[in-house]
Amino acid sequence: MLQDGIYIGLGSNLDEPVEQVRSAVRELGQISQVRLCASSGLYRSPPMGGLDQPDYINAVVQVETDLGPDQLFHELQEIERQHGREEQHEHWASRTLDLDLLLWGQERIDNKTLTLPHPGLHERAFVLAPLRELNADLEVPGRGAVSKLLQACRYSRVDRMGACQSLPASARLIAVEGPMGVGKTTLCNRLAADFNGRLILENYQENPFLQDFFKTPEKTALAAQLHFLTSRACQLRQLNQADLFQQRAFTDYVFEKSDWFSRLSLQGDEYDLWLSVYTHMSAGLPHPDLVIYLQAPVSILLERIAMRGRSFEHAVRPEFLEALSALMAEHFRNYSGTVLTVDTSCTNLAESLQDYQSLLTALDGVTRPGQYFLDPGQPEGMLGDMVASDR
């Protein structure tokens, strides 16, 4: 029987500590009979005791397991040894990797091997802050709420650095794409914040023709699409300037979106005119190294659009959204780059930590070009399955 509510603390301040922690998180998820549920972000903190040491990088993960506490503790020690951790070390000494079993649900354990909850947990902000991120309502047996313990903690200097997972090093430009209502802009904002990336968002409000586009497309479609086309081209062309593309960039569209909308709203001479401009402007634009393609049935998209209450989106006709979704699906089925297709039917990447974690774990596993598929909401597992197929 799986035991849940188990939390493990990770820390390192030697030998590229960020990578030490990130690789340890992956290894925790590979332990037999252990399921990685969620991981906090990375936190930087000064060494305890005022020692002259490098800052520490810390994180906390939540797992489920049918191992016993002593068995899991043994597995943690083995991972520490693989990372060069010495069995005998001075108290508060620098280390390549430190793994601490923090909580085992609401149980209290005190034997020769383990004391749970971890005896120092309640006064260490570098543990309490990531614990609160994972579960703001978490209670520490015998100590109280994590949020209150963090407020009272004397070791309070901790700085969140971003996500515990990593992204493919080659993915410098990442595009999030999908039909209206699927949540691409929200996800794009979240990824840019977690990975300290430059954010490139389409500003619909700046298009003066958009309000009438879905009402009377025969009158305003060409003007609306030309406005979007030039705006997208200008934004993406800026990335070709070396001084602006030193960091990772995230955008909530691919340039081909211009073609999908125009094929559905323009005809005859208007489309021919638009296509000539599109062909000219697309030359030399950077292409995404990775596309996250979000999908959902049209019925769900319409429900989400209605909940958001944006005036222009309410004018979207179901048949238009159906046709747009079909064009996107066809495009990414034949996409020549790297694409991760995510089914968002039963997920909430904006608000659900577990759903978002499943996406980050999937991205961490994009190790070669190809087609990847993820369904975070499937019942087989919180992290779902991912399949890569080479072309």
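Where is the place of Q33? Q33 falls in the loop between α1 (17–28) and β2 (34–39), with helices (H or I, at least four residues) and strands (E, at least two) taken as DSSP runs and numbered from the N terminus. The model behind this is a predicted one, in which local features need pLDDT of at least 70, side-chain atom pairs count only at pLDDT 80 or more, and totals for chains, interfaces and linings use all residues. Residues are numbered from 1 along each chain as its sequence is written, and side-chain values use heavy atoms, with hydrogens and water left out.

Taken as a whole, the protein chain comes to 12 helices and 17 strands. Of its 391 residues, 52% count as buried; here buried means under 20% relative accessible area, exposed means over 50%, and partly exposed is in between (1.4 Å probe, protein chains only). As for contacts (heavy atoms within 4.5 Å), among those between residues at least 6 apart in sequence, 73% join residues at least 24 apart.

Most residues other than glycine have a negative phi, and most peptide bonds are trans. Q33 is not a glycine, yet its phi is positive, at about 75°. Its relative accessible area is 44%, so Q33 is partly exposed. N196 is another residue other than glycine with a positive phi, near 50°. The loop between α5 (184–194) and β12 (198–200) holds N196, and N196 counts as exposed because its relative accessibility is 61%. Then there is the peptide bond from L116 to P117, which is cis, with omega near 0°. P117 itself is placed in the loop between β7 (115–116) and α3 (125–134).

Helix α3 is mostly covered, with eight of its 10 residues buried. The buried residues are A125, F126, V127, L128, A129, P130, L131 and L134. Helix α2 (residues 69–82) contains Q82, and Q82 is exposed, with a relative accessible area of 54%. Between Q82 and L97 there are 9.4 Å in space, C-alpha to C-alpha, and the two are 15 residues apart in sequence. T344, in the loop between β15 (339–343) and α12 (353–364), is buried, at a relative accessible area of 2%. Leaving aside residues up to four places away in sequence, T344 touches V182, L294, Q295, A296, R304 and L349.

Next come the aromatic rings. A pair of aromatic rings is described by the distance of the centres and the angle of the planes. Rings of Phe, Tyr and Trp (its six-membered ring) pair if their centres lie within 6.5 Å, and planes under 30 degrees apart count as stacked, over 60 as edge-to-face and the rest as tilted. The count by this rule is seven aromatic pairs. One of them, F255 with Y278, is stacked, at 5.3 Å centre to centre and 5° between the planes. This pair links distant parts of the chain, 23 residues apart: F255 is in the loop between β13 (249–251) and α8 (257–265), and Y278 is in helix α9 (residues 268–282). Both F255 and Y278 are buried. W260 and F332 make an edge-to-face pair, because their ring centres are 5.9 Å apart and their planes are at 70°. Here too the pair links distant parts of the chain, with W260 in helix α8 and F332 in helix α11 (residues 318–333), 72 residues apart. W260 and F332 are both buried. One aromatic cluster is formed by F255, Y271, W274 and Y278.

Some rings also have a charge over them, meaning that NZ of Lys or CZ of Arg is within 6 Å of the ring centre and within 35 degrees of the ring normal. The charged end of R190 sits over the ring of Y356, 3.8 Å from its centre. R232 has its charged end over the ring of Y253, 6.0 Å from the centre.

R232 turns up again in the lining of the second largest cavity, along with E202, N203, E206, H227, F228 and S231. A cavity is a set of points, on a 1 Å grid over the protein atoms alone, where a 1.4 Å probe fits but cannot get out, and lining residues have an atom within 4 Å of a point.

Key: On a 1 Å grid over the protein atoms alone, a cavity is a set of points where a 1.4 Å probe fits but cannot get out, and a pocket is an open set with protein on both sides within 12 Å along at least five of seven lines; lining residues have an atom within 4 Å of a point.
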